[in-house]
Amino acid sequence: MNTIRYILQKEFRQIFRNKTMLPMIFGVPLLQMLVLVFAATFDMKKIDMVVVDKDLSETSREMIAKFDAIPFYNLEFAVPDETIGEEMLLSDEADAILVIPPNMERNLIRDDKAQVQLLVNAIDGNSAQLIYSYSSRVIGNFNKNLIAEWRGIPEFSPPGEVKISESYWYNPELDYHWFMAPGILAVLVTVIGMFMSGMNLVREKEIGTIEQLNVTPVKKYQFIIGKLVPFWLIALFDLAFGLLIAWLVFDLPIVGNLLVLFAFASVFLLGALGLGLFISTVSDTQQQVMFISFFFMMIFIMMGGIFTPVESMPHWAQTIDRVNPMYYFMKIMRNVVLKGSGFIDLLEEFLSLLLLGVIFLSLAIWRYRKTT
Amino acid sequence: MKQLKSFIKKEFFHIFRDPRTMLILFGIPIAQLLIFGTVIKSEIKDVHIAVYDQSKDVTTQQITNKILSSGYFILDKNLENTNGIEDIFRKGKVKEVIVFESNFGEKLKKEGKANVQLIADASDPNTARLVISYTSGIINDYIKKMHPNLQLPMQIQPEVRMYFNEEMKSAYMFVPGVMALILMLISAMMTSISITREKELGTMEILLVSPLRPAQIIIGKVIPYLLLSVANAFVIVLIGNLVFGVPITGSFILLMLETILFIMMALCLGILISTAAKSQMTAMFISMIGLMLPTIILSGFIYPIENMPVVLQVISHIMPARYFVTIIRAIMLKGVGILFVWKETLILIGMTLFFIAVSVRKFKIRLE
């Protein structure tokens, strides 16, 4: 026990002697939380729409006025035909074109049916979908009012209507920041823990000081513990720090029990750091550690479901995710923070993380050689 | 000239000797493309739902079956009371609960109105929105089919045309983005590290006292990465085209010229970083934090720049990748020529010249 205490003392001293350490511990999380969470949003702020009105009727003007009244839409009028609009799509000046064909009003009265065209720049499929659904909702509402006005029916409803009421639990405003903040935080503690611990070990190799440690009676597991514990604590600290920022800046509701969250995080970090240490035991230089860790991190993060739900991924990817610690942790972070899931709810994830942690750590201890 | 040739040869040997470098050079682009292409999907599939059917009549049964047979949803559980909803959401698997009111079918027939409640787990807002809109769509469709002869008065039909990407493939977004990312990674990061490495190991001194002139050293260092980057860009465009069906509507030559311009810019940036950084670690951190993250986040290849807060939008203007992504998209997808992208091209040229100028001023022939 005493040996471990001395090793830990040494490690902590070495870590905090480094002047860039403190900015790393505080600065990186702050920067990442602010930049990434703010940047990562699908919520549209405005739609630049070109209006081509060929009907020039009362109805078409009312419809345009309806769009114009929504601050969300930035309309560009006075475009005589589509070609100029298309030119604007090409140069990214417009996101969409609304074309009201000639005789729309007449068709509407005569045939009970009329069409308007919506031409959307769909390179970004996601935004295109949103533009389409927002715009058709505006047109739909306009249409409803029109019917009410002209036919005197307050709200036209077909016989046999199902009233669908929607409720969005845990995030009624559909605030995207609430979704991203726990996700980014999960990535953050992993990156900090895994990279720092891995590079720290291999640095001893590069400088040659590992030889000095190897000739001491320090046991393999004691050495690994010494390399593990400081970064484990730093990562846990950063998790707390990040949660605080998220709570202050994004009003992130922390519904769940923090003790549960930190219990899960501790187990997860054992695995993540164990993996970092394992990578460093098979590498010779810091550069190699960086590259290999970077490669795996990228795959872990992308497949862990930070941006898109794991359920939508192909089956092979979901199978791989069973050994992806990031997948479990991402799920845990969001479930505990936003929904208040308890220990029992996520027992399966907890056991999986525990198993992965034991495997990665054993690998690291096994692969660490005191002789070269 | 002969000296330069053998120097370049040496550099190639250095690169090909290390399998880890090769992993970065060719493993990452391919892994990235595949992950983005097959794993990152924002459409919904196999979403687990629960049903709380208080009516249990033919109509609700039919609606439920219709929802489940759509291919988007899988029934996880039939709930018996409202208390179960919270529990089931906390486990995290079920994303939506459908609640039918009692006597649903009867009410629909007699009163012409019945209620159904869709409750989504909005801790993932995007999925929640999609799940609810898919479910409502299916329910509305069912009702419409029940009344096939219903003719609504005065309908304005919005008819949509998706420009440049009719099938709304996500590959159209990520292929240009991955290209910018990889070229940045290889050109800027690898050059800067390879130059600082010579400094750190002391071999730079040997190179400097050799008959090679400093400019030749730099050129020798840069040419292998230039060639590798072009090869990589080629591979990415090819995979994008063959595997994910991203077309090259515009001029291929213009595309390659712009790509080479971007690579040149990134190489100069790499040289600049190496003149500033003393160790590989520093070079790596500057490249990782200063280049990688902004390239991923602020170039607009996953998240549109217009949606970001103004501060970030302003910062994104100094990200070279932003202009490159715009250019690539314009050429590949919109099929436009230089007339539409001359502004972005000029900015990239300006950046390249700026980096060269600063590097030349900072480059030291002597080591301290």
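Look for aromatic pairs across all chains of this predicted model and the search of the whole structure turns up 25 of them. A pair here means rings of Phe, Tyr or Trp (its six-membered ring) with centres within 6.5 Å; planes under 30 degrees apart are stacked, over 60 edge-to-face, and the rest tilted.

Start with Tyr327(A) and Tyr328(A). Their ring centres are 5.0 Å apart and their planes meet at 55°, so this pair is tilted. Tyr327(A) is buried at 16% relative accessible area, and Tyr328(A) is buried too, at 3%. (Buried means under 20% relative accessible area, exposed over 50%, partly exposed in between, with a 1.4 Å probe and protein chains only.)

Now hop over to chain B. Phe100(B) and Phe104(B) have ring centres 5.2 Å apart with planes at 80°, so they count as edge-to-face. Phe100(B) is buried at 1% relative accessibility, while Phe104(B) is buried at 0%.

Back in chain A, Phe67(A), Phe72(A), Tyr73(A) and Tyr134(A) form one aromatic cluster.

Rings can have charges over them as well: that takes NZ of Lys or CZ of Arg within 6 Å of the ring centre and within 35 degrees of the ring normal. Arg334(A) lies over the face of Phe179(A), 3.7 Å from the ring centre. Likewise, the charged end of Arg5(A) sits over the ring of Tyr6(A), 5.8 Å from its centre.

A bit of bookkeeping: residues are numbered from 1 along each chain as its sequence is written, and chains are lettered from A and ligands numbered from 1 in the order in which they are written. Local features need pLDDT of at least 70, side-chain atom pairs count only at pLDDT 80 or more, and totals for chains, interfaces and linings use all residues, while side-chain values use heavy atoms, leaving out hydrogens and water.
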